[in-house]
Amino acid sequence: DDTKVILIEDKVHTINHGNQLERYYSILQEKYHIENIYPVYFKTGDQSNYKAIEKIGYKIFLRNNFIKVLNFGIEKEIKNEIFVDFNNHLKGIENSVQSYSNLPVKDWHWDSWKGFYLALQSELQDGDWGYVPQRNGGFLGFWWYQDWKQIKKDLGYEYYLQLEHGKFCFKMSPDKRENAEVTRSHFRGLLYPKAKE
């Protein structure tokens, strides 16, 4: 009846940027009452978290949610080739991301790490992950324990834990670069013996 609107932001491998989501939402508020706008962030790829998107008011609809909808169509005997192919395509992505659960770690690929990081994030109820660019091509990293504000205030440096695929790192960043070498040496002295254990 032209009084309600479903606003869908469709993302695959990109993430929200700038204030695009707020902008789309506010444009619609010029024509529709806010209670009649249903903003949906539709994501068939993966990203680290959706907190900022949910804070704006969008509901999250992920690949798994969409696969359930498409599977319902398959159960109702939809045989359209495009429909069936797209369902299989999304299931292929999901299987690749979930491959961490049945492949040996040495055989993990980019999607396996992504799936592992998603599971780890869920288990820890903490952390973020994403691509970390480097000259050698970079890696997909997972970082957590970032209670920086209090630590920085108390100790004068930030630290956090990070996985770089199979490498576990203790990262730190002193406020003053001139303190970096002393801080690094101090913590190496504490961490290296523990790591050997």
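Reader: What is the handedness of the crossing of α3 and α4?

Author: This is a predicted model. In it, the crossing that α3 makes with α4 is left-handed.

Reader: How do the residues of the contact of α3 with α4 divide into nonpolar, polar and charged?

Author: On the α3 side, the contact includes F66, I67 and L70. Among the α4 residues that they and their neighbours in the contact meet are F83, V84 and F86. The residues of this contact divide into 10 nonpolar, 4 polar and 3 charged.

Reader: Is N80 buried, partly exposed or exposed?

Author: N80 is placed in the loop between α3 and α4. Its relative accessible area is 44%. Buried requires under 20% and exposed requires over 50%, so N80 is partly exposed.

Reader: Which backbone nitrogen lies 2.9 Å from a polar atom of the side chain of N80, and which other one does this side chain reach?

Author: The side chain of N80 has a polar atom 2.9 Å from the backbone nitrogen of I82. At 2.9 Å, the N80 side chain also reaches a backbone nitrogen in F83. The two residues asked for are I82 and F83.

How values were computed
Residues are numbered from 1 along each chain as its sequence is written. This is a predicted model: local features need pLDDT of at least 70, side-chain atom pairs count only at pLDDT 80 or more; totals for chains, interfaces and linings use all residues. Side-chain values use heavy atoms; hydrogens and water are left out. A crossing is left-handed if the near helix is turned anticlockwise from the far one by less than a right angle, and right-handed if clockwise. Helices (H or I, at least four residues) and strands (E, at least two) are DSSP runs, numbered from the N terminus. Contact means heavy atoms within 4.5 Å. Ala, Val, Leu, Ile, Met, Phe, Trp, Tyr, Cys and Pro count as nonpolar, Asp, Glu, Lys and Arg as charged, and the others, Gly among them, as polar. Buried means under 20% relative accessible area, exposed over 50%, partly exposed in between (1.4 Å probe, protein chains only). A polar contact is a pair of N or O atoms within 3.5 Å; within protein, one must be able to donate a hydrogen and the other to accept it, and residues adjacent in sequence count only if both atoms are side-chain atoms.
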